[in-house]
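Colleague: I am new to this structure and would be grateful for a guided reading of it. May I put some questions to you?

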Amino acid sequence: MNRRISNKKLILWLHLWPGLISAAIIFFVCITGTIAVYCDEIMALSAGDARFVKEVKETRKPAEELIDIIKKEFPKRNTPSYMVSYKDPERSVRFNTFSREEGLSMVYIDPYTGEILKDDGTIYFFYITVHLHNSFLLGKTGQWIIDIATIIFILEIITGLYLWWPKKRNKKAMDAAFKIKTGSTKKRLNYDLHKVLGFYAAAVILLLSVTGLLIAFEPLSQSLMKAFGADTTHDWQKELPKYKEGQAPLELNPFIERSFEKYPDKKEMQIYTYRMDSSGYYMMRVANQVGLKSAQSPEYVIYDRFSGDEIKLPESALKHEKVDNAIWVLHMGNWMGQIGKFITFLGGLIATSLPVTGFYIWWGKRKKNERNSKAEQNRNAFE
C-alpha cells in the first residue's frame, strides 16, 4: 500500500511541476498550432474569386510564360518555388512567391490570358504563425525550448491518463471520469474540463506531439523512415537529368496534362518551379488536395525536361516522400478530409486549455492550503 501511495505521489509530482514550469510555452505552442489547422481553408477564403478564371478558353499560355509575367510584375521576388495547377479548367493557377522585403505571397493568375488575378499575402501570416509554433522565431534555441516542452507535455498526458483512470467501476465513479458536471461550482467545472476533456483529447494530443517531434528531430524521423525501408540519403537525386546548356527544354504544360491523364482521380498538382533555370527535370506531386505543408493521397511523377521520358522513382525514394508527407498529414490534420481537420482543431483547442485549467486547479489548492495554514496558526495562538 505504501509503495502504491509513493508511486502516486511521484506521478502527481511529475504531472504538476513540469507542467507548471512549461505551461506558458505549451499554451503558446498549442494556440499557434490550432490556428494553423485551417490555413488552407482561410487562404482559399482570402483568395475568393481569384481562384477562378473569368472565361475558359481553348488554349493556355505556357507555364514558363506565366512565370516570366510574375518575374516582370514582381521583380524583387525570387523565382516561384512552386505552382499549383488544377484539373478543373475554371480554376486559376497559383504560384508561391517570396522576397525579403515583401515576404511570402500567393499569386493567382489566369492561365488563359496571363492576367494576375490577385497577389495574396495571407500565406505570410501562416508562415510567421508556423515559425512561432516551432521555434518562437528564435532559430535552433527556440526549437529546443519547444521540443523540450513538447516532451514534457507528452509526459503530462501520460501521467494525466494514469491519474484520470477510475479506481472504481460504479456509476458515480464512471460518471465523474467521462462526464462534465455542468451544474457544479466553478472550481468543480474547471476540474472536470481539465480531467474529462483531457481524456477525450489525449489520443489526438499525443499524435500531434509525436509527429511534431518527428518533424523537429531529423534523426528521429530518419529512424522511422529507415524502419519503413525509405531512403534517407537523397542520393537518387544526383542521378536525375542535368540542365543542358544551349538546348531548349520541352514546355511544361503537356507534362501537366499527361500527369492528370495518368492519375484521372486526382484534382490538383504541385509542380516545383524553383529550379526551372538549372534542372533537367520536372518534379510533380499529383493529389486530391495540395495543402500548405502536405497533400492528400499524393502520387509523385518526374519527367526528363529534354527527352520527355518519365523517370521512375526508386521504391526507397518513393517511400521517403510518402512517409514524410504522412507525418505532415497527421500533424496538420489533413487525414479524412474535413473530419480530420475538425478533430485536430478541437484537439488543439482542448490542448490549449489544459495548461490554463491545470494552473487554476493548482492555484485553487494553493489558496486552500494557505487558508488551512492560517486557520491552524489561529487555533495554535488560542491554545
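Modeller: Let us begin with a term: a polar contact is a pair of N or O atoms within 3.5 Å, of which, within protein, one must be able to donate a hydrogen and the other to accept it. Please keep in mind throughout that this is a predicted model.

Colleague: With that cut-off, which backbone oxygen lies 3.2 Å from a polar atom of the side chain of Thr-34?

Modeller: Thr-34 belongs to helix α1, which covers residues 2–36. The backbone oxygen of Cys-30 lies 2.7 Å from a polar atom of the Thr-34 side chain. The one at 3.2 Å belongs to Gly-348.

Colleague: Is Thr-34 buried or exposed?

Modeller: Setting aside residues up to four places away in sequence, Thr-34 touches Phe-345, Gly-348, Leu-349 and Thr-352. The relative accessible area of Thr-34 is 3%. Buried means under 20%. Thr-34 is therefore buried.

Colleague: What is the relative accessibility of Asp-192?

Modeller: Asp-192 is placed in helix α7, residues 186–216. Beyond its neighbours within four places in sequence, Asp-192 is in contact with Lys-179, Ile-180, Lys-181 and Leu-197. Asp-192 counts as buried because its relative accessibility is 0%.

Colleague: Turning to the strands, what is the order of the open sheet?

Modeller: The sheet has eight strands, with antiparallel pairing. Its edge strands, each pairing on one side only, are β4 and β10. The order is β4-β3-β2-β1-β5-β6-β9-β10.

Colleague: Why is strand β3 described as largely enclosed by the rest of the structure?

Modeller: Strand β3 covers residues 103–109. Seven bridges join β3 to the antiparallel strand β2, residues 93–99, and Phe-98 stands opposite Leu-104 of β3. The description of β3 as largely enclosed is given because the number of its residues that are buried is seven of the seven.

Colleague: Which residue in the turn between β3 and β4 has a positive phi?

Modeller: β3 pairs with strand β4, residues 116–120, in the antiparallel sense over four bridges, and Met-106 stands opposite Asp-120 in β4. These two strands form a hairpin with six residues between them. With a phi of about 85 degrees, the residue in question is Gly-114.

Colleague: How many residues of β9 are buried?

Modeller: β9 pairs with β6 in the antiparallel sense over six bridges, with Tyr-282 opposite Tyr-303 of β9. β9 also pairs with strand β10, residues 310–311, over two antiparallel bridges, and there Tyr-303 stands opposite Glu-310. β9 is mostly covered, and the count of buried residues among its six is five.

Colleague: Which helix lies across β6 and β9?

Modeller: The helix covers residues 315–332. Its direction runs at about 135 degrees to that of β9. This is helix α10.

Colleague: Which element gives the largest share of the largest nonpolar core?

Modeller: This core has 23 residues, and Met-83, Phe-95, Leu-252, Ile-256, Met-269, Ile-271 and Met-284 have the most contacts inside it. Elements giving two or more residues to the core include β2, β3, β5 and β6. The largest share is four residues, and the element that gives it is α3.

Colleague: How many residues does the second, separate core have?

Modeller: Ile-271 of the largest core is in contact with residues including Met-83, Leu-252, Ile-256 and Met-284. The second core is separate and includes Tyr-86, Leu-292, Ala-295 and Met-332. Its size is 18 residues.

Colleague: At roughly what angle do the axes of α4 and α5 cross?

Modeller: Two packed helices are described by the angle and the distance between their axes. Leu-132, His-133, Asn-134 and Ser-135 of α4 meet Gly-139, Gly-142, Gln-143 and Ile-146 of α5, and these residues divide into two nonpolar, six polar and no charged. The axes of α4, residues 122–135, and α5, residues 139–164, come within 6 Å. Their crossing angle is roughly 65 degrees.

Methods:
Residues are numbered from 1 along each chain as its sequence is written. This is a predicted model: local features need pLDDT of at least 70, side-chain atom pairs count only at pLDDT 80 or more; totals for chains, interfaces and linings use all residues. Side-chain values use heavy atoms; hydrogens and water are left out. Axes are lines fitted to C-alpha atoms, for helices over the stretch in contact, and angles run from 0 to 180 degrees between N-to-C directions. Contact means heavy atoms within 4.5 Å. Ala, Val, Leu, Ile, Met, Phe, Trp, Tyr, Cys and Pro count as nonpolar, Asp, Glu, Lys and Arg as charged, and the others, Gly among them, as polar. Buried means under 20% relative accessible area, exposed over 50%, partly exposed in between (1.4 Å probe, protein chains only). Two strands pair if DSSP finds at least two bridges between them. A nonpolar core is a set of buried Ala, Val, Leu, Ile, Met, Phe, Trp, Tyr and Cys residues joined through side-chain atoms within 4.5 Å.
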